[in-house]
Amino acid sequence: MRQFILAIDQGTTSTRCMIFNQSSQVMGVAQHEHAQIYPQPGWVEHDPDEIWQRTQQVIVGALAAAKLSHNDIAAIGITNQRETTVVWNKRTGQPYANAIVWQDMRTDALCRELGEIGGADRFRSRTGLPLATYFAGPKLMWLLRTVPGLRADAEAGEALFGTIDTFLIWHLTGGVHGGIHVTDVTNAGRTLMMNLATLDWDAEIVSIMDIPRQMLPTIRSSSEIYGTATGLLAGVPVAGALGDQHAALVGQACTTPGDAKNTYGTGCFMLLNTGTTIVPSHHGLLTTMAYKFGDQPAVYALEGSIAIAGALIQWLRDNLGIITKSSDVEALAASVPDNGGAVIVPAFSGLFAPHWRSDARGVITGLTRYVTKAHIARAALEAVAWQTREVLDAMEQDSGVRLNQLKVDGGMTVNNLLMQFQSDVVGVPVIRPVINETTALGAAYAAGIAVGVWRDFSDVSANWREEQRWLPNMDQDKRAAQYALWKKAVSRTLHWIEE
């Protein structure tokens, strides 16, 4: 009997494959990084072909690590970096251009153009999202306007659009030989083109963006059989798809209204489950899908999206050479008692939630001759925590729910110094689960529930286990003073880019 679930976690900097058993234990894992391409300041790209190659490599690696074959796999689940935009030819499989990554800012002028009527909130009542460079729709507009031959092929039905989930599902289910062109509600909801109420493409918005309807994938639920894999996983159902943050929400068993989690990856993303109610945000958050499993009602969430978290540590490593590997940052930061007066606001891609300021750029403030690279390392970790505090405040204001704990996951949560500081600045316990990479686990649950490996969310909750918690240990007056200093530093990032 097939009882194992294979999850593909295609992230911003790497692709991971994890295989889980019915008890949610990890049986095998493999991971490969892919290139980050920066053609111009503010532009970020990936090579879609490289991502597909890495996906195949990690499938092989995880199966080998688990000592399993494709015949042991009951279903495949996919989770992915969300707004990253790919266009490819359905007859050749060739991408028309590099993928435009969610962090990319080249669509700033296009977003302003779209906002000339109705402003930045022109589509918010239908999509839950402001006009921002973050989302996939404007990226697709840019590609259609600038890539030679793309519009003609799109209008002829030859060119396909997708976020990374769509691209991978198409390849897994046959590619040029009948690949399935679908996406799920969580990924479609990050394009600025899906109506949150109807769960379908909004015809008026698609028309305003001048996007040929035939290039858009069919929107499906997050947990159902989309098709059957060919190639390495021949015969295995592809049965789940969730954007990475939604997958982490499921993996953290945040399936009850009021449950919240924060994921620390390349960026930082906090989601609050609001149940079947679409809650508008008035404090700079996104109203988004949480998930939709099969025929069950759609579940919604409030989200605070932070562009730069782990990416800031990579910047210390790759651009400044302050550390040799990312894990070195904790020891370096812990070698000093505080930040020495330095504050970093990493607005490399502008400011995301709760500010949404594309004119902002990163700053390091408070520098004196006293400041060393250790203080810079500590300030970088603190920046991640303060950004999360801003989002948590906005979430409590929008929802009226006072969070009494914060579930955390993602690569940065192995950093104990960061987790303690996070608890200090939000003033509530921070809790890390046994399985830290909950994005892959959430995708596994989506696929496994679709094929009956797990019954429902009661199995998800039963499998969740706490590994460690941190309790706040900072004086309230000190917390308030440091938060005021952080906000002062944030104000220094604004108006840097003139229109």
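Predicted model: local features only at pLDDT ≥ 70, side-chain atom pairs only at ≥ 80, totals over all residues.
Residues are numbered from 1 along each chain as its sequence is written, and side-chain values use heavy atoms, with hydrogens and water left out.

Helix α10 spans residues 310-320, and its buried residues are Gly310, Ala311, Leu312, Ile313, Gln314 and Leu316, where buried means under 20% relative accessible area, exposed over 50% and partly exposed in between, for a 1.4 Å probe and protein chains only. These buried residues of α10 pack against α11 (328-334), β19 (343-345) and α12 (373-399), contact being defined as heavy atoms within 4.5 Å.

Helix α10 also contributes to the second largest pocket, giving four residues, the largest share of its lining. A pocket is defined on a 1 Å grid over the protein atoms alone as an open set of points where a 1.4 Å probe fits, with protein on both sides within 12 Å along at least five of seven lines, and lining residues have an atom within 4 Å of a point. The second largest pocket has a volume of about 940 Å³, a volume being the space filled by probe spheres set on grid points that are joined across faces, edges and corners. Its lining consists of 37 residues, of which Tyr264, Gly265, Thr266, Gly411 and Met412 lie nearest the centre of the pocket. The elements that give two or more residues to this lining are β2 (14-20), β3 (26-33), α9 (244-251), β15 (260-264), α10 and α11. By class, the lining has nine nonpolar, 19 polar and nine charged residues, with Ala, Val, Leu, Ile, Met, Phe, Trp, Tyr, Cys and Pro counted as nonpolar, Asp, Glu, Lys and Arg as charged, and the others, Gly among them, as polar.

Helix α9 is mostly covered, eight of its eight residues being buried, namely Asp244, Gln245, His246, Ala247, Ala248, Leu249, Val250 and Gly251. This helix is followed by Ala253, whose phi is positive, near 60 degrees. Strand β14 (residues 237-243) is likewise described as mostly covered, with seven of its seven residues buried. Strand β5 (residues 73-80) pairs with β14 in the parallel sense over five bridges, two strands being taken to pair if DSSP finds at least two bridges between them, and Ile78 has Ala241 in β14 as its bridge partner. Strand β13 (residues 223-228) runs antiparallel to β14 and is joined to it by three bridges, with Val238 in β14 as the bridge partner of Gly227.

In strand β21 (residues 406-409), Leu406 and Val408 point one way and Lys407 and Asp409 the other, and all are buried. Strands β15 and β21 pair in the parallel sense over three bridges, and Asn262 stands opposite Val408 in β21. Strand β21 is also joined by two bridges to strand β22 (residues 430-433), and these strands run parallel, with Leu406 opposite Val430 in β22. From β21 the chain crosses through helix α13 (residues 416-426) to β22 in a right-handed β-α-β crossover, the path from the first strand over the helix to the second running clockwise when the strands point away from the viewer.

Several loop residues were also examined. The peptide bond from Ala353 to Pro354 is cis, with omega near -5 degrees, and Pro354 is found in the loop between β19 and β20 (363-365). Leu192, although it is not a glycine, has a positive phi of about 75 degrees; Leu192 lies in the loop between α7 (185-188) and β10 (194-195) and is buried, with a relative accessible area of 0%. Leu199, also not a glycine, has a positive phi of about 60 degrees and is found in the loop between β10 and β11 (200-201), where Leu199 is buried with a relative accessible area of 17%. Met474, in the loop between β23 (466-470) and α16 (476-491), counts as buried at 13% relative accessibility. Not counting residues up to four places away in sequence, Met474 touches Phe421, Asp424, Val425, Arg479 and Gln482.
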